[in-house]
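The model is shown first, and the entries follow.

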Amino acid sequence: MRKQIECIMNNVKWIMVRGKKIRTAFYTVFIIHYSLTISAQDTTRVFSFADFSDLIMASHPIVRQAGLLSEEARQEVLQARGAFDPKLSSGFDEKTFGGKHYFNTWANELKVPVMPAGVDLKVFYDRFRGDFVNRSQITPNSGLAGVGITVPIGQGLLIDARRATLQQAQLMVNEAEAERVKQINKVWFSAAKDYWNWYMAFQRTRLLQEGFDLADTRFRALRQRALIGDAAVIDTVEAQITVQDRQVQLEQALVELRNTRLILSTYLWSQDGQPLELPERAVPQQAALSSLSGETVQRLVDRAGERHPDLIKLDVKIQQLSVEERFRREMLKPQLNLSANLLTQAPMFSPEVPDYRAFGVNNRKIGVDFVFPLFLRKERGKLRQVQIKSQQTGLERQQVRRDVINGVYAVHNDMLALERQIVVQDQAVRNQRRLLNAEQQKFEIGESSLFLVNSRETKLIDMEIKLEEIRSKYQKAVAELYYAAGTTTI
């Protein structure tokens, strides 16, 4: 900007020797403009994208909400473990009618499931008395106590519904973690795009402001020349039109800048959940061209093919279906449950200490339960259905993995193209600046016109804006590359 101002000063250098009044007015315009520019630069603070990302990860509501997914999954595991909780049950019934004592029953049981094996241990106390109680159920007056075990020999020995539910719930923790990462990545990528939109709006406003200041300074100087008769009045009209045109563009850019600042503020939250505003003095960081090495890109591809959230979720689904398939295969077996109980008379109403040596094989109760559907159509249908779902999920995972990897390569190709565009556009900007400097030199010696100088300058501003736009697209592509790989860092 200083070089361009120096060129303008050279254009009107010969005016300065004509009178102290003109020199004073001219210098006043430049000093005020320069001092305001320096003052604005001193009060700005760079708000880097890294700091912006840290704030999002620490306080954004959606990020914090995503963190609850894993906790919710852990509560599902806790619920599934509830199927293995010891259960204490007790029931009492008594009936007396017409002077007859029909029954007095009191049944108590403590059942303790053994988690790894599907075996149930139990301790019970029963007291069944009365005139109409089944004789096989009548107990001594003091009651009958016992300890027992139930063992599934056939169906349920290797896996049952309780263990299958628990294993699937445990796998859901991994799925919830993948979903948490996916939601955080989505918020981060959206924030990255909005940050570089803010950068683009800021750079456009900066360049248009510089262009407006240059045109306004040139117009003021030309007006002074016209006042003393050293320039045509019509030239001041040309200069003023340029000022007005750039002022309109600047106003539009300022509106866009304010809007992008508002959008960026929606990502800023305090630790206690209060919305924050982007400070007026904050400015974006410079968009540096940092080409990723082939090794870095390959690491991203490898990571995407192994730990992308979508693939992890499909892996969990396949594992859950594997558990379900094991359970459905177990259901093809016949139900054969063995139960054995050791009994003893329980002197509940006697002050004497119970003699637990009374437990023995002579006081026992054993049982065998057997159930087997002859055609197994329901069980075979369920098993085949689970196998089909497992095949479908496996095929879906193959396609998703290929799409993910190709997506990473596609974004990297866009980055390489944008890198080349930045180099070419930067060279074009330099060449255009040379043309502008040459045109200004020709204008100083009277071989060019103000129209051509303004045209060259306007073209330079447009090309600089386009260069910043490509840089902004490049930074978005970098963010998209990480997002396509399912991460925010390598």
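Is aspartate 120 buried or exposed? I find aspartate 120 buried, at a relative accessible area of 16% (buried is under 20%, exposed over 50%, partly exposed in between; 1.4 Å probe, protein chains only).

I note that this is a predicted model, in which local features need pLDDT of at least 70 and side-chain atom pairs pLDDT 80 or more, while totals for chains, interfaces and linings use all residues. Residues are numbered from 1 along each chain as its sequence is written, and side-chain values use heavy atoms, without hydrogens and water.

Entry on aspartate 120. I place aspartate 120 in strand E4 (residues 119-129); strands (E, at least two residues) and helices (H or I, at least four) are DSSP runs, numbered from the N terminus. A network of salt bridges links Asp120, Asp160, Arg162 and Arg163 (a salt bridge is a side-chain nitrogen of Lys or Arg within 4 Å of a carboxyl oxygen of Asp or Glu).

Entry on salt bridges. I searched the whole structure and recorded 24 salt bridges. One of them joins the side chains of lysine 182 and aspartate 310 at 3.1 Å, N to O. Lysine 182 belongs to helix H6 (residues 161-227) and aspartate 310 to helix H9, so this pair ties together parts 128 residues apart in sequence. Lysine 182 is partly exposed at 33%, and aspartate 310 is partly exposed at 24%.

Entry on helix H9. Arginine 329 forms a salt bridge with glutamate 325, with the closest N and O atoms 3.2 Å apart. The two lie four residues apart in helix H9, therefore about one helical turn. I list arginine 329 as partly exposed at 44% and glutamate 325 as buried at 18%.
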